[in-house]
Amino acid sequence: VPQVVYIEADGQQTEIDAEVDDSVMETAVQNGVESIVGECGGSMSCSTCHVYVDPRWAAQLEPIDELEDEMLEGTSAERRPSSRLSCQIAMTPELDGLVVQVPESQV
Ligand code: FES
């Protein structure tokens, strides 16, 4: 079972067992990581699932598509090169140990 490590802006870490194919957003919502809201249910129209992906995993993720790029650009003053919408990251066995950090504004 692949694990996801969520790091809140205050440094608190939560490790959660993810179902393969669930998104990083769904995994958070189903397991009480409250700083990831996932308001739109994963349809890329809210950006309340914004996270910073640890650079060690960045290369293993699907590239950002145009819509995700626009959402990140339009809604987040806190965007960084490692920014992703966590509803667009589907868990795979290879992503075991994935570390994502929640932006300060979402806490
Ligand atoms: S859950 Fe709304 S954009 Fe990801």
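Where does Thr48 lie? Thr48 is in the loop between helix 1 and strand 3; helices (H or I, at least four residues) and strands (E, at least two) are DSSP runs, numbered from the N terminus.

## Basis

This is a predicted model, in which local features need pLDDT of at least 70 and side-chain atom pairs count only at pLDDT 80 or more, while totals for chains, interfaces and linings use all residues. Residues are numbered from 1 along each chain as its sequence is written, and side-chain values use heavy atoms, with hydrogens and water left out.

## Thr48

Thr48 has a relative accessible area of 18% and is therefore buried; the term means under 20%, with exposed over 50% and partly exposed in between (1.4 Å probe, protein chains only). Apart from neighbours within four places in sequence, Thr48 is in contact (heavy atoms within 4.5 Å) with Ser35, Ile36, Val37, Gly38, Glu39 and Gln106. Glu94 is 46 residues away along the chain, and its C-alpha atom is separated from that of Thr48 by 25 Å.

Five strands form an open sheet in the order 2-1-5-3-4, with mixed pairing. Strand 2 (13-17) and strand 4 are the edge strands, each pairing on one side only. On average, neighbouring strands are turned by 35° against each other, direction ignored; the axes are lines fitted to C-alpha atoms, for helices over the stretch in contact, and angles run from 0 to 180 degrees between N-to-C directions.

Two strands count as paired if DSSP finds at least two bridges between them. Strands 1 and 5 are parallel and share four bridges, with Tyr6 opposite Val100 of strand 5.

## Strand 3

Strand 3 (residues 50-53) is covered on both faces: His50 and Tyr52 are buried on one side, Val51 and Val53 on the other. In a regular strand the side chains alternate between the two faces of the sheet. Strand 3 pairs antiparallel with strand 4 (residues 83-85) over three bridges, where His50 has Leu85 as its bridge partner. Two bridges join strand 3 to strand 5 (residues 98-101), also antiparallel, and Tyr52 is partnered there by Gln101.
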